[in-house]
Amino acid sequence: MRVKYSLTIVFITILSTLLPITGSAQWELREIITNDNITYPETSKLAGVSNTIGITQIEIKYHRPAVRNRTVFGALIPYGKVWRAGANESTTITFQDDVSINGNPLKSGIYGLHMIPGKEEWIIIFSKNHTQWGSFYYDKKEDALRIAAKPKKIEHQEFLKYDFEDIQDNRVTIVLKWDQIQISFNVTVDEVATTLAVVEDELRTLPRFSWRGNREAAFYLWLHNVHLNKALELINRSISYERRFETIYQKALILASMGKLSQSEKLMGEALELGNERKFLYVGREAIGHHNSPEKAMELFENTLRYFPNSYQAKMLIGRTYAAMGKTGLANRTLNEALILAKTEKEKEVVKSEMRIYGIKFQ
């Protein structure tokens, strides 16, 4: 009896030592349980996808059922009846800002996403009620928008899936795929208007009281060639906080775009005193890296060459921009010109490395 009791004690001691380690590892990333249910795998797993178009985030949350050798559309999911476009709770779609759906305006917010399948045409519904369970209590009076869409035949997709396709700067196609059916709709954002609305709000806070925040807003307007009077107001405020290369150069650019060339030239002279080739090039890099504006970047790099005609880096960056825009012939010519301007072997190797990336031959 004494031996059996001792073994039991040993077993309990070992078990009590191991359990906290195992328990901690299992639960450290999970939320505290607030009801009397246990956690078990759902048949239709929770999923989600999100993407940002312009500065507008779009997010879809859904449960993904499987086909499981069933006839889905026309049987499991009847034609002509409202379907939750997923499983379990309502499928939801969130738009951070106002958008257009297939050309139809829709306000920012969270919507319950429902669909009415049909053999030839589907109806996609954006409901103001996003908290109901599935589509069981769907009420047409709560519709924010309805659009029609044509189903497309695809290869078998076992688990229902939402995805973002054909992603562009201000547009994306949202696609649902399940079984052998694909249904999609386009979302478009007014990138400039949305960004300006956000910037206006931000300039009521800390960025308003710095040269950087006002200059960045002015730069954005100049890049898109909109509201130049507003851009001038912003850059003047920026200069009032600090008169430096970035602010003076930006004002010169804005004045040139407004046709005020003599004023622009005067300020450009001051910018040259405050800056150097590297600073001129950095502004061009900003146009690409932060704003994806290759045409304006080209203008800025050309402007650098105007004041620094032997800049191999300006030539190289122009060539790189041409290549990124698919203008291979111009990229070829310009990068080879940059190779001629490069003085040292190190500089030449920098240009050659760029040429290799885009498959351009040395001449």
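## A surface patch around F136

F136 lies in the loop that runs between strand 7 (122-127) and strand 8 (143-149), and with a relative accessible area of 55% this residue is exposed. Together with W133 and Y137, F136 forms a nonpolar patch on the surface, and the three residues have about 420 Å² of accessible area together.

## The model as a whole

The structure described here is a predicted model, and its mean pLDDT is 90, with 89% of the residues reaching 70 or more. The confidence is under 50 over residues 1-5, a stretch for which the model has 0 contacts beyond four places in sequence. Where pLDDT is low, the predicted coordinates should not be read in detail.

The secondary structure of the protein comes to 11 helices and 10 strands, and of its 363 residues 40% are buried. The accessible surface amounts to about 21000 Å², and carbon and sulfur atoms account for 53% of that surface. When contacts between residues at least 6 apart in sequence are considered, 55% of them join residues that are at least 24 apart.

## Helix 9 and its surroundings

Helix 9 (residues 312-324) has 13 residues and reaches 18 Å from its first C-alpha to its last, which is close to the 18 Å expected at 1.5 Å a residue. Because 10 of its 13 residues are buried, helix 9 is largely enclosed by the rest of the structure; the buried residues include Y312, M316, L317, I318 and Y322. Which helices take part in covering the buried residues of helix 9? The cover includes helix 7 (277-289), helix 8 (294-307), helix 10 (328-341) and helix 11 (345-357). After helix 9 comes G326, a residue whose phi is positive, near 85°.

Is T247 buried or exposed? T247 counts as buried, because its relative accessibility is 0% and a residue is called buried when this value is under 20%. Q250 is also buried, with a relative accessible area of 1%.

The contacts of these residues show what lies around them in the model. If neighbours within four places in sequence are left aside, T247 is in contact with W211, I235, S238, I239 and E242, while Q250, treated in the same way, is in contact with R215, A218, F219, W222, I235 and F245.

## I110 in strand 6

I110 lies in strand 6 (residues 109-116) and counts as partly exposed, at 39% relative accessibility. Not counting residues up to four places away in sequence, I110 touches T92, I93, T94, S127, K128 and H130. The C-alpha atoms of I110 and F126 are separated by 9.1 Å, although these two residues are 16 residues apart along the chain.

## Salt bridges

A search of the whole structure finds 20 salt bridges. In one of them the side chains of E354 and R320 meet, at 2.6 Å from N to O, and this pair links distant parts of the chain, since E354 is in helix 11 and R320 is in helix 9, 34 residues apart. E354 counts as buried at 8% relative accessibility, whereas R320, at 30%, counts as partly exposed.

R146 forms a salt bridge with D143, and the closest N and O atoms of this pair are 2.8 Å apart. Here R146 is partly exposed at 32% relative accessibility, while D143 is buried, with a relative accessible area of 16%. The side chains of E349 and R356 also meet in a salt bridge, at 2.9 Å from N to O; E349 is partly exposed at 38%, and R356 is partly exposed at 48%.

A85 is not a glycine, yet its phi is positive, at about 60°. This residue is placed in the loop between strand 2 (56-64) and strand 3 (91-95), and A85 is buried, with a relative accessible area of 0%.

H227 is another residue other than glycine with a positive phi, in this case near 45°. Its place is in the loop between helix 3 (211-224) and helix 4 (228-241), and at 51% relative accessibility H227 counts as exposed.

Notes:
Residues numbered from 1 in each chain as written. Predicted model: local features only at pLDDT ≥ 70, side-chain atom pairs only at ≥ 80, totals over all residues. Heavy atoms only, no water. Helix = DSSP H or I, 4+ residues; strand = E, 2+ residues; numbered from the N terminus. Buried < 20%, exposed > 50% of the residue type's maximum accessible area, 1.4 Å probe, protein only. Patch = residues over 30% accessible without salt bridge, like charges linked within 9 Å, V, L, I, M, F, W, Y side chains within 5 Å. Areas by Shrake-Rupley, 256 points an atom, 1.4 Å probe, with all protein chains shown as cover. Salt bridge = Lys/Arg side-chain N within 4 Å of Asp/Glu carboxyl O. pLDDT = per-residue confidence, 0-100. Contact = heavy atoms within 4.5 Å. Expected span 1.5 Å × (residues − 1).
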